[in-house]
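Welcome! Please take a look at the model below, and then we can walk through some of its parts together.

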Amino acid sequence: MLYFIEQFLNGIQLGMLLFLLAAGLTLIFGIMDLVNLAHGSLYMIGAYFAATFAEWTDSFVLGAILALLATAAVGMALEVIAIRRLYGRNHLDHVLGTFGLLLFFNELVRLIWGPAGLTLPLPSEMFNAVEILPGLFYPLYRLVIIAATLAVALLLYILVMRTRLGMLIRAGASNREMVGALGVNIKLLYTLVFGLGAALAGFAGLMQAPILTVQIGMGENILIAAFVVVTIGGIGSIRGAFVAALLVGLVDTVGRAFVPDLLHGFLSESASSSLGRALSSMMIYLVMALILVVRPEGLFPAASK
Amino acid sequence: MSERLTISRAARLTPRLAVNVVVLFILALVPVYAMLSGDSFAMTLFTRVLILALAALSLNLIMGFGGMVSFGHAAYLGIGGYAVGILAKEGIGSGFVQWPAAIAASALYALIVGALSLRTRGVYFIMITLAFAQMVYYVAIGLDRYGGDDGLTIYKRSRFGDIVDLNNKTFFYYLCFALLLAGIYLTWRLVNSRFGLVIQGARSNERRMRAIGFPTYRYKLVCFVIAGAMCGLAGALLANHTDFISPAMMHWTRSGDLMVMAVLGGMPAMFGPLIGALTFLLLEEGLSRITDYPNLILGPMLLMVAIYVHGGIDGLIGSMRRG
């Protein structure tokens, strides 16, 4: 039971990180109608920035704040220089162009930081485990991730639902042309939305950096998982992305923790471990395929399309 | 009148025709060059070009002509390759078993994936094909008996009786060349048939095609399966070419590469995938010779093509006539 709660918390934590990536993706999808394969690169860049700035400033928090700002700046520059020219084109041009960007960023990171990975050291008190239930110790830093990502999700909700900018974002998602026709500076809005998406991706990257190695290509697998989240949730829907992110996070974590044991019940040791490994990695894709077969537009399809 | 028009159009030497003829001519002479100069790497590289061109051609059939943007096409390469590798490991070395098995396995996979995926549209279709390909990728990683994550070396290439020897590089090259040309011919016949016109009609306006009585879902599914089978054959060739199979041949970036080749060459041009595969692989190879950071140049080039060139290289060639 304690093991289950621990895995459940891990699932929530993964889900919240996926939400940060998926929220940016789904906003960019929904508002600019852009398939962005380079979104994972911004996650990677956020992690690299955090590792570098934390070393310079000798402070994790200061490094994280600088990295967040820098990633948002990179995102906005990217939008102005390149991404802007891809709006209104078909999805294939998006895939080609942003695939090129992904190759470019991986190589650029290799040029600047070298092929070896980096580590982002944590303040020592973060290493402690907290007793959250009698007998259940959980790493403090993972709790911090959950709390921080929840806070960001809440801020995002307030931004999108309660502010003027959020109103424009929502309006842009349902009818781009009309928002432009009403005199809103749509170019600036797009740049801001892309920067917001970049900041969210960078935040996910820098929060994850101390747990994983900061390395080239770290954004690629999680990008695919984020795409799964966006698709399950329904493209353009932040609420859908939130629900789907938690679902995918839990399915992935709980699957990895329990599927091999389940199979062990009626298969030999080696067969169940290899099959279990394969099956638990497949789980999220299986869930996505099932959901799309039943609901071809995801769980929360955007209202007007 | 109209007959004369067709004749004069066919006979005129357009830039496109000239480029296609030159490309085919050069490809036909690669083994001669390799023999004269002793550059065996050229053979390896260009054989790879031909095989991946066949894979990109099959993707062009569904993506360029059918409007079905599949982001999981590398899965067929993998399934075709694993069919050959698994049978070879189990002691069945005959190509007469291996290759039909590769084609049949990919066709069956395409049937299942297509039947489920074709219910969705647009970006959802892109993502669900990607999801299925990821599943196959993880299945391959789980196949401990066949190398798991590390892959499997194939010690004997497919055998076709005594006369045919796939270990002969020149012979294997021309076999790939012939299969690619056969694939291009098949695609050309297919898209110009009644079937192909229905597929293309469904790409431009599916609702209208359904309204005039075509069950477009079935047509698209058949097209999807044909493309899968063709790419499965390319997978069987690839496994024989590299003597090695691994999950890496199904990684999602491989699907991205195939898509880049098809789009770069220009869709839905018949020779587009070949020109795209040729350009992409030669660029990759050439850039990695002049710099340690080839993607620093290749990446922005792809971006420029996406932004400034409509219709890939074929579009560029087509616009030469006007400009």
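## Two domains in chain B

Domain bounds here come from an automatic or database domain assignment. With that in mind, chain B splits into domain 1 (60–250) and domain 2 (253–323). The C-alpha centres of domain 1 and domain 2 of chain B are 22 Å apart.

A word on what you are looking at: this is a predicted model, where local features need pLDDT of at least 70 and side-chain atom pairs count only at pLDDT 80 or more, while totals for chains, interfaces and linings use all residues. Residues are numbered from 1 along each chain as its sequence is written, and chains are lettered from A and ligands numbered from 1 in the order in which they are written.

How do the domains touch? Two residues are in contact if their C-beta atoms, placed from the backbone, lie within 7 Å. In chain B, 15 residues of domain 1 are in contact with twelve residues of domain 2. On the domain 1 side, helix 3 (40–65) and helix 7 (169–191) of chain B each supply at least two residues; helices (H or I, at least four residues) and strands (E, at least two) are DSSP runs, numbered from the N terminus.

## Where the chains meet

How many residues of chain B are in contact with chain A? There are 37, and they meet 40 residues of chain A. On the chain B side, helix 6 (122–142), helix 11 (252–265) and helix 13 (295–308) each supply at least two residues. Helix 6 of chain B gives the most, with 14 residues.

This side of chain B divides into 28 nonpolar, seven polar and two charged residues. Ala, Val, Leu, Ile, Met, Phe, Trp, Tyr, Cys and Pro count as nonpolar, Asp, Glu, Lys and Arg as charged, and the others, Gly among them, as polar.

## A helix in chain A

Helix 5 (residues 140–162) of chain A has 23 residues, so at 1.5 Å a residue it should span 33 Å; the expected span is 1.5 Å times one less than the number of residues. Its end C-alpha atoms are 32 Å apart, which agrees.

Which residues of helix 5 of chain A are buried? They are Tyr141(A), Ile145(A), Thr149(A) and Leu156(A). A residue is buried if 20 or more other C-beta atoms lie within 10 Å of its own, with C-beta atoms placed from the backbone. Their cover includes helix 1 (2–32), strand 2 (136–139) and helix 8 (186–208) of chain A.

Key:
A residue is buried if 20 or more other C-beta atoms lie within 10 Å of its own, exposed if 12 or fewer, and partly exposed in between; C-beta atoms are placed from the backbone.
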